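Thanks for coming. I have a few minutes on one model, so please look at the sequence and the structure first.

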Amino acid sequence: MAGPADAADPYRGPLFDAHLHYNVEACDFRAACPYPVAHVYATLQRAGVRAILANSRTNEGTHALAAAGDAARAAGITVVPFVRLYRNRADYTGWFADDSITTMVIDELSKGSAAGAFRGLGEFHLYEAANADAPVARRLMRLAQERDLVVLAHVDDDAIERLLAHAPQARLIWAHTGIGGVPVARVQELFERHPRLMGELSYRPGLTDGRGGLSPEWRALFMRWPGRFVVGSDTWVNARWDHYDVLMADVRRWLGDLPPPVARRIGWANAAELFGVPSPD
Ligand SMILES: [Zn+2]
């Protein structure tokens with residue numbers, strides 16, 4: 001039985017957390033704030049994160065991260081703000097048919113953030129792929145394509161095809177690259193068919209081998225498509241903030257099973273190039 005001594009050295013370069021939420025449970029700005037902005041930046045800095053794709057329910061969380069420019073700069077962190085579609089939990093399951101979401105998104109886009117213009121839409125969820133054809137889903141995909149906004153979508157493989165049918169030139173990051181564990185062969189098929197599709201890797205079943213290293217089939221996928229993947233924490237509940245250091249250490253562990261240039265692409269450079277974030281070193 002192989003032991004931890006066999007593990008490769010972890011990746012030690014910069015990380016781009018391309019799936020970060022600062023939701024109302026982490027800080028509601030009026031009552032409880034278990035994770036103040038300063039704590040968030042200290043946590044990210046400790047983990048070696050140098051840029052974040054920030055999106056929050058409500059968008060107030062993202063505005064707060066963006067507004068703390070001095071703290072972000074002091075921690076060496078670039079904030080890439082996204083407009084999330086959710087005002088509350090109910091919006092997770094109804095946004096795609098609710099025109100007031102379109103209004104909110106357009107309003108947020110016109111206001112921008114203290115860290116600059118919003119760069120994308122999401123994360124949004126579709127629990128049934130057919131809802132990818134609902135009116136607001138179509139409209140927002142076309143809006144993203146027109147305005148060169150990146151979309152972060154937590155959906156299944158069928159919904160990926162439907163969303164990209166509405167806006168074939170849209171930039172789409174597939175949150176979790178199929179949280180339901182869609183086979184790697186199907187992921188590959190979608191990547192071949194949609195050259196601008198990228199995959200984010202939090203919660204992806206089968207990614208690691210049970211000892212924290214990379215599974216052979218995912219390693220092969222990354223070697224084939226080194227430019228198409230990004231990493232993320234998905235701080236969707238406060239427990240993810242509690243364990244943020246461990247989450248990022250886990251990412252560094254499996255990235256260490258890749259050749260260093262590929263590890264850096266997936267851990268940092270793919271997202272940094274997508275959003276034009278300069279290299280920190
Ligand atoms: Zn998420």
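Leaving out residues up to four places away in sequence, Thr102 is in contact with Val136, Arg139 and Leu140. Thr102 itself sits in helix α4, which covers residues 99–111. Is Thr102 buried or exposed? Its relative accessible area is 7%, and the cut-off for buried is under 20%, so Thr102 counts as buried. Keep in mind that this is a predicted model.

Next, the zinc ion. Which residues coordinate the zinc ion? They are His19 and His21, each through NE2, Glu123 through OE, and Asp234 through OD, at 2.0 to 2.4 Å. The angles among the 4 donor atoms run from 87 to 170°, and the site is irregular. Along the chain, the donors have the spacing H-x1-H-x101-E-x110-D. Take the pair His19 and Glu123: the two residues are 104 apart and link distant parts of the chain. His19 belongs to strand β1, residues 15–20, and Glu123 to strand β4, residues 120–125. Both of these residues are buried.

Last, a pair of helices. Helix α1, residues 37–46, and helix α2, residues 60–67, have axes that come within 10 Å and cross at roughly 70°. An angle of 65 to 115 degrees counts as roughly perpendicular, so that is how α1 lies to α2. On the α1 side, the contact is made by Val37, Val40 and Tyr41; on the α2 side, by Ala64, Leu65 and Ala66. What classes of residue does the contact of α1 with α2 have? There are 6 nonpolar residues, no polar ones and no charged ones.

Methods
Residues numbered from 1 in each chain as written. Predicted model: local features only at pLDDT ≥ 70, side-chain atom pairs only at ≥ 80, totals over all residues. Heavy atoms only, no water. Donors = N, O, S within 2.8 Å, 3.2 Å for Na, K, Ca; no water. Tetrahedral: all angles 85-135°; square planar, octahedral: opposite > 155°, others 65-115°. Helix = DSSP H or I, 4+ residues; strand = E, 2+ residues; numbered from the N terminus. Buried < 20%, exposed > 50% of the residue type's maximum accessible area, 1.4 Å probe, protein only. Contact = heavy atoms within 4.5 Å. Axes fitted to C-alpha atoms, helices over the stretch in contact; angles between N-to-C directions. Parallel < 35°, antiparallel > 145°, perpendicular 65-115°, else oblique. Nonpolar A, V, L, I, M, F, W, Y, C, P; charged D, E, K, R; others polar.
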